[in-house]
Amino acid sequence: MPKAELQRRTLLAGLAALPLASCATTRPTAPRGLTVATFNIWHDAGGRWPARLVLLASALRAVGADVIALQEVLEDQRKELPNQADTIARQLGYPHVHFVAVEPEGAPKRYGNAILTRLPVIEVARHKLAPLADSRTAIRVRVQTKTGPVDIVGTHLAWQPEAGAVRAEQLADLIAWLPTDGVPLIVLGDFNAPLDDPGLRVMGPPRFVSALPPGAAATTLNPARGHQPRVIDHIFVEPAAFAVTEARVIGDQPVGGEYPSDHFGVVARLTQR
């Protein structure tokens, strides 16, 4: 066989094998990511809510979270202030907003926690935390992710430094209220306590880890608003269900001398196992 003909047949055989080789290759599965954020928005304090709203929306828009938990959310008919979570959701284009307050629906003034999400919502549950005298609440939104349902829980605990026992009671009530059907769980919000507070032991290993490791941030309280530096805003995840790929503070830089809040937000990017 002439040499040229042999080379031609060899080339054709190689080309014919390429589609088969491509089909036989197993592509790696892309990681299933989930981004969550928490931000205490400081209701309408400071007298500059319209300016702070712009900064809050900008900080949250930059991270593109799938789910956002907000604390100190206010709606006040007497001030003609619509629900702040609804307003933020409209600014960011989030279709689902769920709110909880101790005051009943229709009350002229309501104050509480909210969860915003772009993900499909399976169910929503609201709870008043014991002791009821402290007027604290929690909200759970079960969302549908690419790997299945995930429970996102937002809360805001007792603020007094000496209220460790109250926070422990609130968290015990919270954990007892949550479903026990094995759906992966993320609990986030303003816990008003650092990670080493005895009241937060229930949020530690082996069930939970903090997405923001100890020492990773100097504070989530804004010193420019008179606070002592402390990390009290947390995102707790179940390590059996999630790996933390990134966690950081957001909204910690002023714009024109103004901050989004008297807290900084926290964002975590997670990979679902």
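**Sheet and helix**

Modeller: Leucine 188 stands opposite isoleucine 235 in E10. This is a predicted model, where local features need pLDDT of at least 70, side-chain atom pairs count only at pLDDT 80 or more, and totals for chains, interfaces and linings use all residues. Residues are numbered from 1 along each chain as its sequence is written, and side-chain values use heavy atoms, leaving out hydrogens and water.

Colleague: How do E8 and E10 pair, and over how many bridges?

Modeller: E8 and E10 (residues 233–237) are antiparallel, over 5 bridges. Two strands pair if DSSP finds at least two bridges between them. Strands (E, at least two residues) and helices (H or I, at least four) are DSSP runs, numbered from the N terminus.

Colleague: What is the strand order in the open sheet?

Modeller: The order is E5-E6-E7-E8-E10-E9, 6 strands with mixed pairing. E5 and E9 (209–210) are the edge strands, each pairing on one side only.

Colleague: Which strands does H4 touch?

Modeller: H4 packs on the sheet and touches E5, E6, E7 and E8. Contact means heavy atoms within 4.5 Å.

Colleague: Which H4 residues are buried?

Modeller: Gly164, Arg167, Gln170, Leu171 and Leu174. Buried means under 20% relative accessible area, exposed over 50%, partly exposed in between (1.4 Å probe, protein chains only). Seen down the axis of H4, the buried residues fall within an arc of 120 degrees (directions from the helix axis to the C-beta atoms), so they line one face.

Colleague: And what is exposed on the face turned away?

Modeller: Ala165 and Ala176.

Colleague: New topic: how much of the whole protein is buried?

Modeller: Buried residues are 49% of the 273.

Technical notes
Axes fitted to C-alpha atoms, helices over the stretch in contact; angles between N-to-C directions.
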